[in-house]
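Thank you all for coming.

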Amino acid sequence: MRLRLSDQDVAFRDEMREFFTTQVPQEIRDKVRDRRELTKDDIVQAQRVLNAGGLAVPGWPVEWGGKDWTNLQRHIWHEEMQLACVPAPLAFNASMIGPVIAAFGSQEIKERFLPATANLDIWWSQGFSEPDAGSDLASLRTTAVRDGDHYVVNGQKTWTTLGQYGDWIFTLVRTNPDAPKKQAGISMLLIDMTTPGLTVRPIELIDGGHEVNEVWFEDVRVPAENLVGEENAGWTYAKFLLGNERVGVAPVGSSKRLLAQAKEHAREIRTSSGTLLDDPLVAARVAELENDLLALELTALRVAAHSADGKPHPASSVLKLQGTVLQQAVTELFVDLAGPDVVASGAADGSQVPHWARVSAPQYLNYRKASIYGGSNEVQRQIIAGTILGL
Amino acid sequence: MDFTLDSEQLALRDAVRGLLGKAYGSIDARRDATASDPGFDEKTWSRLADMGVLALPFAEEDGGVGAGPAEVMVVAEEVGRVLAPEPFVEAVVLAGGLVAAQGTAEQRAELIGGLAAGESLLALAHLEPGRHWSAGAPDVTATRSGDGWTLDGVKEPVLHGARADVLLVTAAVEGRTALFVVRADAGGLERTGYRTFDGSRAAHVRFISTPAEPLGEPGADATAALEAALAAARVAYAHESVGAMATALETTSEYLRTRKQFGVPLKTFQALTFRAADMYVSLELARSAAAWATLVLADEPERAPEAARRAAFQVSKAGRHVGQEAIQLHGGIGMTAEYSVGHYTARLTAIDHLLGDGSDHLRHLAASVSDHGVVEPMP
């Protein structure tokens with residue numbers, strides 16, 4: 001047992017910190033710090049800086065730009081990135097389809113897509129969920145029917161995050177409607193989003209923003225070579241992808257940073273007897289959140305240090321669940337600190353109400369998503385009960 | 001940062017698990033041991049002494065083994081797993097830790113030597129009736145009398161106070177809190193023992209001009225020694241609680257798998273399995289916080305009081321959650337004394353209140369919330 005990082009890991013942490021705080025444009029990091037919306041160009045630019053430094057896709061196989069890091073080093077990379085307000089590499093590229101192509105794609109597909117995916121030359125969208133297939137993903141109904149050298153795709157996907165920027169979409173489609181189990185008739189297809197018959201329609205969310213979309217497919221012809229791996233084996237690839245998605249989803253570093261910012265704001269809010277941070281109830285709430293985040297971070301470190309033999313630590317399932325609970329609790333704290341200023345969400349930059357207070361309610365509403373995406377927290381409980389507790 | 005046990009620590013765990021598992025393989029054995037005074041099994045206590053467990057955290061020159069917080073953690077967790085009633089944390093970590101921190105070389109050799117051999121039981125008499133947890137102890141006063149000192153006042157509840165061979169007593173001396181050693185055969189010492197709700201024993205202890213020997217330098221302020229020993233004891237209790245919570249959850253899961261109602265196992269009902277999943281989340285967060293506090297005790301002692309409170313606060317929340325749900329998910333059987341889970345909940349409840357409860361820890365953490373930006377686990 002040891003509290004401190006090894007000298008090697010300290011050097012690694014310093015190297016990450018140095019890179020993130022000097023190489024990624026300050027203007028982009030300021031936007032993240034101030035909780036301002038990033039443009040597509042911001043996200044692309046940040047990822048290209050990371051990729052140029054070899055830090056965009058460390059989880060991939062080394063031959064495709066990955067790093068032969070320990071799990072602890074990957075954890076440090078992720079934490080330092082969040083603390084430095086660096087936008088994470090686009091999850092659809094770096095954490096989702098990239099590792100799937102690297103693991104299951106043909107050599108041709110790897111060469112065609114992986115370098116462009118790492119560099120965000122291709123912006124990937126995710127086409128998994130459907131109106132009738134949410135947590136029950138295997139019930140999906142979008143069909144792909146083989147017609148010569150093509151598949152003809154028909155159906156509808158939904159909740160496609162940032163689909164308005166998407167160049168390509170990785171989809172789960174039903175290729176065998178007669179399979180004995182619904183999971184057995186699913187394939188993974190890569191689809192160029194400029195193909196005729198493909199339409200992206202925005203969904204407005206409760207925060208007033210446009211983050212997710214519906215994607216419609218009407219007789220969309222997709223070259224058969226865009227199939228990932230084997231036909232009807234898509235469920236295996238999807239499970240692999242979703243497993244990866246869970247691991248990276250506990251946002252400890254960004255919640256810590258936001259909580260520290262919340263304290264600074266609380267120090268500036270006037271009450272009849274001082275500032276909000278002097279209020280014992282506010283201080284206790286902050287202290288409890290700090291302690292909960294510490295326990296989460298330590299659990300993440302335990303998981304990172306323990307997964308070296310390739311098997312995920314049983315506690316890894318806790319990370320997504322508790323990580324999003326705390327992420328939401330921090331956004332809730334911002335709303336409460338803002339008080340009545342919270343309603344100034346439509347005010348422009350000339351307003352006397354600080355920017356953090358103006359965006360606090362939309363962000364609070366927006367982050368209700370965190371316990372729904374990436375396998376809802378109810379799905380996580382199902383996993384814990386089933387795979388860990390044997391229930 | 002590394003949370004893994006080395007081979008010697010694993011061997012210690014297996015040895016202690018073997019010994020305590022044999023003694024307390026069922027809740028009946030524990031009920032038998034706690035049915036009569038002194039509320040634990042003297043033979044098991046001796047066997048722990050023979051194994052070197054009671055000597056673990058003490059320096060070799062004091063008759064100890066020279067092991068560290070990690071070894072204490074390993075033992076405390078095993079104690080919690082089977083709810084062993086032997087006072088490992090109370091006597092070794094807390095009372096013994098105070099002697100190690102504050103005692104003279106002679107006192108350390110005698111008191112720690114006797115404790116480590118299982119021949120002399122130490123107990124800390126600090127709590128005073130009707131007072132919430134406090135580092136001070138104004139109701140028992142120490143007075144110089146000739147060459148020596150005498151104590152007057154009441155301590156209660158004193159864990160294992162009636163059985164103890166030696167009491168370490170906090171007392172007020174000119175506004176300071178000092179520590180004194182009182183032998184069981186001292187004059188003017190009245191001890192009335194009783195059973196506690198978790199099967200342990202405590203006592204009302206009255207001092208009437210009771211002769212006492214200062215621990216360490218006469219009349220010296222013991223606040224720092226108390227703070228250090230308390231931090232170690234809070235962390236050890238956190239591990240005892242983690243062990244107890246782990247068993248309570250295992251027992252509950254097994255019950256959900258096997259108990260049938262409406263013709264199906266209870267695990268068929270998501271309303272129950274989701275709650276068990278939440279218990280697991282609480283347990284693992286508490287386990288992480290406790291293990292971290294042990295690392296801090298070993299490597300960054302100046303931060304130990306804060307780390308101990310952080311762990312104790314996390315464990316306080318988890319212990320209530322897991323303990324309450326363990327009973328509820330069992331239903332009526334969980335309420336009975338012949339079944340195990342209620343005893344686990346009782347023990348978790350006792351531990352939660354002995355050295356400051358969750359609210360007390362939170363109050364301290366809240367008071368220092370403006371002193372830092374983020375809480376960093378590593379130096």
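Predicted model: local features only at pLDDT ≥ 70, side-chain atom pairs only at ≥ 80, totals over all residues.

Along its principal axes, the C-alpha trace of chain B spans about 75 × 50 × 40 Å, and its secondary structure comes to 11 helices and nine strands.

Now to the contact between the chains. Chain B brings 50 residues to it and chain A brings 43 residues, and together they bury about 4,400 Å², with 66% of that area coming from carbon and sulfur atoms. How many salt bridges are there between chain B and chain A? The count is six, and one of them joins Glu284(B) to Arg302(A), whose closest N and O atoms are 2.7 Å apart. There are also 20 residue pairs in polar contact between the two chains, counting pairs with both residues at pLDDT 80 or more. On the side of chain B that touches chain A, the elements giving two or more residues are helices H4 (69-82), H7 (223-258), H8 (270-299), H9 (304-330) and H11 (358-367) of chain B. Of these, H8(B) gives the most, with 19 residues, and by class that side of chain B divides into 28 nonpolar, 11 polar and 11 charged residues.

Let us go inside chain B, where the domain assignment gives domain 1 (7-120), domain 2 (123-214) and domain 3 (223-371). The C-alpha centres of domain 1 and domain 3 of chain B lie 21 Å apart, and their contact takes 23 residues from domain 1 and 29 residues from domain 3. Between them these two domains of chain B bury about 2,000 Å², 69% of it on carbon and sulfur atoms, and on the domain 1 side the residues that lose the most area are Glu77(B), Arg81(B) and Leu83(B), which together account for 25% of what that side buries. Three salt bridges are found across this interface of domain 1 and domain 3 of chain B, and the side chains of Arg347(B) and Glu90(B) meet in a salt bridge at 3.0 Å, N to O. Helix H2 (27-35), H4 and helix H5 (88-102) of chain B each supply at least two residues to the side of domain 1 that touches domain 3, with H4(B) giving the most, 10 residues.

Finally, chain A, whose assignment gives domain 1 (7-89), domain 2 (124-232) and domain 3 (249-388). Here the C-alpha centres of domain 2 and domain 3 of chain A lie 32 Å apart, and four residues of domain 2 are in contact with six residues of domain 3. These two domains of chain A bury about 430 Å² between them, 51% of it on carbon and sulfur atoms, and Ile206(A), Asp207(A) and Glu211(A) supply 82% of the area that domain 2 buries against domain 3. One salt bridge is counted between domain 2 and domain 3 of chain A, and the side chains of Glu211(A) and Lys369(A) meet in a salt bridge at 3.1 Å, N to O.

Methods: Residues numbered from 1 in each chain as written. Chains lettered and ligands numbered in written order. Heavy atoms only, no water. Domains from an automatic or database assignment. Contact = heavy atoms within 4.5 Å. Buried area = accessible area lost by both parts, 1.4 Å probe. Salt bridge = Lys/Arg side-chain N within 4 Å of Asp/Glu carboxyl O. Helix = DSSP H or I, 4+ residues; strand = E, 2+ residues; numbered from the N terminus. Polar contact = N/O pair within 3.5 Å; in protein donor to acceptor, adjacent residues only side chain to side chain. Nonpolar A, V, L, I, M, F, W, Y, C, P; charged D, E, K, R; others polar.
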